[in-house]
Amino acid sequence: MPETPSVDLSGTDRTRLRRLRENGRTDRSELDLVLAAGFLCHLGVLVDGAPMVVPTVYGATADTLYLHGSVASRSLVAAPEATVCVTVTHVDGLVLARSVFEHSVNYRCAMVYGVPRWVTDAEEKLEGLRVLSEQAAPGQWDYARRPDRKELAATTLLALSLDEASVKISAGPPEDGDGPDAELGLWAGELPVRQVWQAPVPDPALPPGIAVPPHIAAMHQP
């Protein structure tokens with residue numbers, strides 16, 4: 001995703017942090033980093049008056065979040081009619097303290113608010129799908145067959161501005177190291193977690209001789 005100049009995130013009532021304000025980040029570059037680190041988000045939207053939270057893939061540019069789905073998706077059909085909330089969360093580890101009350105999670109999280117729009121322009125739709133594809137698997141857009149007209153008609157693409165967003169990041173050890181529980185003689189610390197791609201598994205229908213393309217092989221980290 002293109003680098004964004006160092007500017008502050010929006011400060012609306014919806015993005016104002018009310019708890020653990022010290023974990024909040026105000027620099028827009030922090031939002032870019034959180035979004036660039038994944039490709040799966042959760043879209044929260046009202047459907048028929050009831051809340052629905054749907055996991056879906058996304059792709060981010062410097063100013064827009066693209067969300068992908070089927071034209072039959074109730075959540076994506078309803079989304080352009082009202083404000084939505086999109087969340088992206090990365091779990092970085094468990095924080096295991098001396099008391100259960102002090103246990104927590106290290107994480108990076110972004111929330112984006114706004115009224116999305118349907119992408120109907122053919123060129124923008126293709127570009128948005130390219131952004132989605134490249135965010136998940138860089139190089140795949142140029143390797144695989146691109147959508148034809150029928151497939152594009154069956155695909156919904158939403159564009160959501162990144163103008164209203166908040167970021168929270170929690171990192172570090174337990175906070176009870178200088179309290180009474182420190183005298184219990186119990187182990188405490190962090191249990192980091194790291195998500196990595198495993199070795200590619202070929203489709204059983206592949207004929208012999210088709211090798212894993214370099215851009216996919218490069219994603220695997222032994």
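1. Start with the loop between strand 2 (40-47) and strand 3 (50-60), which is where Asp48 is found. Helices (H or I, at least four residues) and strands (E, at least two) are DSSP runs here, numbered from the N terminus. Asp48 has a positive phi of about 55° although it is not a glycine. As background, most residues other than glycine have a negative phi. Asp48 also counts as exposed, at 72% relative accessibility. On the wording: buried means under 20% relative accessible area, exposed over 50%, and partly exposed in between (1.4 Å probe, protein chains only).

2. A quick word on the model before going on. It is a predicted model, where local features need pLDDT of at least 70 and side-chain atom pairs count only at pLDDT 80 or more, while totals for chains, interfaces and linings use all residues. Residues are numbered from 1 along each chain as its sequence is written, and side-chain values use heavy atoms, with hydrogens and water left out.

3. Which residues of helix 3 are buried? They are Glu124, Lys125, Gly128, Leu129, Val131, Leu132 and Gln135. They cover an arc of only 150° around the axis, which puts them on the same side of helix 3. The arc is that of the directions from the helix axis to the C-beta atoms. On the face turned away from that buried side sit the exposed residues Ala122 and Glu123.

4. Helix 1 (residues 28-36) can be read in the same way. Its buried residues include Arg28, Leu31, Asp32, Val34 and Leu35. Seen down the axis of helix 1, the buried residues fall within an arc of 165°, so they line one face of the helix.

5. Now the charged pairs: how many salt bridges does the structure hold? There are eight, counting a side-chain nitrogen of Lys or Arg within 4 Å of a carboxyl oxygen of Asp or Glu. Side chains of opposite charge can pair when their charged atoms come close. One of the bridges links Glu124 and Arg117 (2.7 Å, N to O). Glu124 is buried, at 18% relative accessible area, whereas Arg117 is partly exposed, at 40%.

6. Another salt bridge joins Arg130 and Glu127 (2.8 Å, N to O). Both residues lie in helix 3 (residues 122-136), three residues apart, about one turn of the helix. Arg130 is partly exposed at 30%, and Glu127 is partly exposed at 35%.

7. Then look at Glu151 and Arg145, whose side chains also meet in a salt bridge (2.8 Å, N to O). Through shared partners, salt bridges join Arg145, Asp148 and Glu151 into one network. Is Arg145 buried or exposed? Arg145 counts as exposed, at 60% relative accessibility, while Glu151 is partly exposed at 32%.

8. Strand 8 (residues 155-161) is mostly covered, with six of its seven residues buried. Two bridges join strand 7 (residues 117-118) to strand 8, and the two run antiparallel; strands pair if DSSP finds at least two bridges between them. Trp118 stands opposite Leu158 in strand 8.
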